[in-house]
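Thank you for making time this morning.

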Amino acid sequence: MSKYRSLRSANSKFSILIEKRTLWVTLILFILCIVVMLISTGIGSLYISPLGVIKAILGRGEPMEQVVVEKLRLPRIVIATLIGASLAVAGAILQGVIRNPLASPDVTGITEGASLGAVLFMFIFGGTVSIHWMPLAAIGGALLMAALLYILSWKHGVEPLRLILVGIGLSAAVKAISYMFIISGPLILAQRSLVFMSGSIYGTSWDKDVLTLLPWVAILLPITWLQARNVNIQALGDDVASGAGASVQKQRLFLIFLSVALAGSAVAIGGAIAFIGLMAPHMARKLVGSSFGSVLPVSALLGALILLVADLAARTVFLPRDVPAGVLTAAIGAPFFIYLLYRNRNRY
């Protein structure tokens, strides 16, 4: 029996082979993601059963429960799902292109570049310009950071270890610049920016946050999935990829742009949430192998699950405080990063 299932369009102009194991893992993770979303939406100072949450979403719940679900909790759950998926896929792209298991938007400094762009947006415009433009500012900061990273890491090519080390150094420098702008600005900006830098999705809304991020995710994720073959070729190394007829540098730049755009747009809304882009792709490869066409959907769902669970714990375990979700992802991700360093010690 074949391990793969063929998906074809009606006119047979488009077809793709998907491993059956990937289909099952994706389906299980999707169902688990829906279950966690329902449970998380119902937990809070006012407990609402999963059935009550479903009724409220369909507009048939109790008036009070419907207001709590639709206005307060559901936007936060949706934005956690979108941000987690975006950061996970951004990390998966970087790990495939750079061919380094330690690569992720936060480790290489791209997250800090996006944070600086968002902080500058708040510092310069201060509410005079629509918040819908902030993803562009964050992506601009992330692109600048990626360009600096690539230039400073170049020495007869870009070695993975040098890129990681330069990224860690740039990340620290850019974070210091961000804090300089924070402390030199008005108090209200400092409060907003400090919460932003810690990675929080507290107080999200449909129009300001969900509808701002949703178009970026809806456009960039399908484009990324269509680039799965190019990521697989990049992972083979420059010599093999060139021998296969690939335009290595053009593909690499475009893939890095996709990673930067996904990470930048996510950071613009959720702040500097760390280590999801590092952890989720590793977990995905353990489940479905190294093919990027399989890693992408599984990484996206795992990233969403990680942030959903982290946010649920952040707002319930430490009551009455609502701890930023980024604090918990960092607490989990830092030991994971140390473990990866130890496991790959002979490589470096």
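**Salt bridges, core and surface**

A search of the whole structure finds three salt bridges, a salt bridge being a side-chain nitrogen of Lys or Arg within 4 Å of a carboxyl oxygen of Asp or Glu. Please keep in mind that this is a predicted model, in which local features need pLDDT of at least 70 and side-chain atom pairs count only at pLDDT 80 or more, while totals for chains, interfaces and linings use all residues. Residues are numbered from 1 along each chain as its sequence is written, and side-chain values use heavy atoms, with hydrogens and water left out.

Let me take the pair of Asp 311 and Arg 76, whose closest N and O atoms are 2.8 Å apart. This pair links distant parts of the chain, with Asp 311 in helix α13 (residues 292-316) and Arg 76 in helix α3, 235 residues apart; helices here are DSSP runs of H or I with at least four residues, numbered from the N terminus. Both Asp 311 and Arg 76 are buried, where buried means under 20% relative accessible area, exposed means over 50%, and partly exposed lies in between, using a 1.4 Å probe and protein chains only.

Asp 311 also meets the side chain of Arg 315 in a salt bridge, at 3.7 Å from N to O. Because Arg 315 and Asp 311 are four residues apart in helix α13, about one helical turn separates them.

Which of the two is buried? Glu 112 is, with a relative accessible area of 8%, whereas Lys 175 is partly exposed at 35%.

Turning to the nonpolar side, the largest nonpolar core has 97 residues, and those with the most contacts inside it are Ile 79, Ile 83, Ile 93 and Phe 196; such a core is a set of buried Ala, Val, Leu, Ile, Met, Phe, Trp, Tyr and Cys residues joined through side-chain atoms within 4.5 Å. Helix α3 (residues 63-98) gives the largest share of this core, 19 residues.

Finally, Phe 275 has a positive phi of about 75 degrees although it is not a glycine, and this residue lies in the loop between α11 (248-270) and α12 (276-288).

Note on methods:
Helix = DSSP H or I, 4+ residues; strand = E, 2+ residues; numbered from the N terminus.
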